Amino acid sequence: MSMPSAAPAAAPAPTTLLDRVIQLCTLLPYWLIAIAARVALIRVFWWSARTRVVPGTWFTLNDTTTYLFENEFKVHLPGGIEFGFPLPDVMAAITMTCEHLFPILLVLGLGTRFAGLGLLGMTAVIESIYPENYNEHLPWAVCCLVLIKWGGGVFSLDALIAKVRGR
């Protein structure tokens, strides 16, 4: 003789204010988090990119940026090791290009994980130049990690492409 199976127990209703707040937080859609992370990164890196070009131009690198890579920017490693960038004019151009390209990709939600990975790498380099500013760089890194892990959300070209491809 078999025993009747018991119906699964329903999840208990929230009993405290904290339980209710936590339950409301679980309703927060990922797309909203993704948009917030994308906007935060766009704001920081696009504005930085625009300071690297001659005013009134789109991609003409200014002399100040090259000067900074030649004379000011030094990578600081643990143990007090410090060194300058090789090929500072090339590094300045690459930085300016990446600071324009990755935010554009984030606006479109195209290659979001790739853009997040690129900006995470840039954040790591920036952190090595200015290690005392970790409290400013850490939120950038967290936004990058969220986008690398979960992508751009439903309001992105990545999601549209995946839908069209049947994924």
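This is a short tour of a predicted model, stop by stop, for following in your viewer.

Numbering starts at 1 along each chain as its sequence is written. In this predicted model, local features need pLDDT of at least 70, side-chain atom pairs count only at pLDDT 80 or more, totals for chains, interfaces and linings use all residues, and side-chain values use heavy atoms, with hydrogens and water left out.

**Colour by confidence.** Start with pLDDT, the predictor's confidence in each residue, from 0 to 100. The protein averages 93, and 92% of the residues score at least 70. Helix α1 (residues 17-26) has the lowest confidence, at a mean of 90, while α6 has the highest, at 98. Helices (H or I, at least four residues) and strands (E, at least two) are DSSP runs, numbered from the N terminus.

Pick V75 and you will find its bridge partner, F83, in β2. The hairpin has 3 residues between the strands, and G79 takes a positive phi near 90°.

**Show the aromatic rings.** Rings of Phe, Tyr and Trp (its six-membered ring) pair if their centres lie within 6.5 Å; planes under 30 degrees apart are stacked, over 60 edge-to-face, and the rest tilted. The structure holds 9 such pairs. One of them is W58 with F59, tilted, at 6.4 Å centre to centre and 40° between the planes. W58 is exposed, at 55% relative accessible area (buried is under 20%, exposed over 50%, partly exposed in between, with a 1.4 Å probe and protein chains only).

Next, select F73 and Y130, an edge-to-face pair with 6.2 Å between centres and 85° between planes. F73 sits in the loop between α3 (63-72) and β1, and Y130 in the loop between α5 and α6, 57 residues apart. F73 is buried at 8% relative accessibility, whereas Y130 is partly exposed at 35%.

**Finish at the largest pocket.** Select R52, T95, E99, M122 and I126, which lie nearest its centre among 21 lining residues. Helices α2 (30-51), α4 (88-108), α5 (112-129) and α6 (134-150) each supply at least two lining residues, and α4 gives the most, with 5.

A pocket is an open set of points on a 1 Å grid over the protein atoms alone, where a 1.4 Å probe fits, with protein on both sides within 12 Å along at least five of seven lines; lining residues have an atom within 4 Å of a point.

Terms used: Pairing = 2+ DSSP bridges.
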